[in-house]
Amino acid sequence: MDLIVNKNVKLKEVEMEDAPSLYALIHANRGHLRRFLGWIDATEGTADIEMFIAGSRQRRMMQNGTDYGLWYKGRIIGVVGLHYMDWINHCTSIGYWIIENMQGKGIMTAAVSRLIRYVFDELGLNRVEIRCAVENEKSRAIPERLGFTREGQIRQGEWLYDHYVDHIVYGLLKNEWRRA
Ligand SMILES: CC(C)(COP(=O)(O)OP(=O)(O)OC[C@H]1O[C@@H](n2cnc3c(N)ncnc32)[C@H](O)[C@@H]1OP(=O)(O)O)[C@@H](O)C(=O)NCCC(=O)NCCS
């Protein structure tokens with residue numbers, strides 16, 4: 001299901017037809033994205049994006065998460081996703097990226113906020129988690145802005161090409177969520 005964020009921004013579940021434009025975005029933003037995303041160097045062509053989209057569609061079919069294209073004024077500029085849906089424990093986890101020159105406008109905070117509303121109000125889950133590298137200040141600012149609690153730190157939680165980074169775990173519970 002697509003999610004309307006505001007008059008300029010919407011989240012559309014990724015489909016195969018998005019693969020060429022998504023690959024072009026990633027290719028044009030390699031330097032920006034590879035700083036905190038470990039899969040950029042392994043993304044060598046549209047076929048890799050098609051595999052990602054196939055995996056995303058499968059998770060969607062299994063009701064185990066999905067990925068959304070982040071669309072701004074009719075143009076795809078990033079991705080936001082639910083990594084999984086844990087229906088036993090009523091929780092999920094969010095990840096995201098946006099192209100370099102669309103940062104700094106609050107677009108991702110608005111998109112994540114809309115996704116959280118969907119998770120709590122429409123899916124009925126109870127907990128959302130976001131994990132960010134300690135050094136990833138722009139990413140950490142998103143859960144901090146949205147009222148998440150810093151719950152802990154995971155040592156060497158992610159391998160980024162030639163080094164590990166520690167992760168900060170942020171959590172938000174349904175009864176803490178303030179509707180904007
Ligand atoms: C992490 C990432 C998505 C953050 O993007 P972003 O544009 O900073 O996030 P937002 O859309 O929420 O924008 C916040 C910025 O917009 C500004 N802003 C403007 N209007 C705003 C509004 N209405 N609401 C919130 N922020 C607003 C904020 O002041 C902030 O600016 P600052 O960075 O100069 O302090 C982006 O840096 C990225 O894709 N990085 C590479 C991939 C990555 O690290 N992914 C996360 C892995 S955990």
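Trainee: Which helices and strands each supply at least two residues of the shell around the ligand?

Mentor: Note first that this is a predicted model: local features need pLDDT of at least 70, side-chain atom pairs count only at pLDDT 80 or more, and totals for chains, interfaces and linings use all residues. Residues are numbered from 1 along each chain as its sequence is written, and side-chain values use heavy atoms, with hydrogens and water left out. Helices (H or I, at least four residues) and strands (E, at least two) are DSSP runs, numbered from the N terminus. Here β5 (91-98), α4 (107-122) and α5 (137-145) each supply at least two shell residues. α5 gives the most, with four.

Trainee: Which residues come nearest to the ligand?

Mentor: A residue is near a molecule if one of its heavy atoms lies within 4 Å of it. The ligand has 19 residues around it, and Gln103, Gly104, Met108, Thr109 and Asn136 come nearest.

Trainee: How much of the ligand's accessible area does the protein cover?

Mentor: Accessible areas come from the Shrake-Rupley method with a 1.4 Å probe. On its own the ligand has 940 Å², and the protein covers 70% of that.

Trainee: How many helices and strands does the protein have?

Mentor: Five helices and eight strands.
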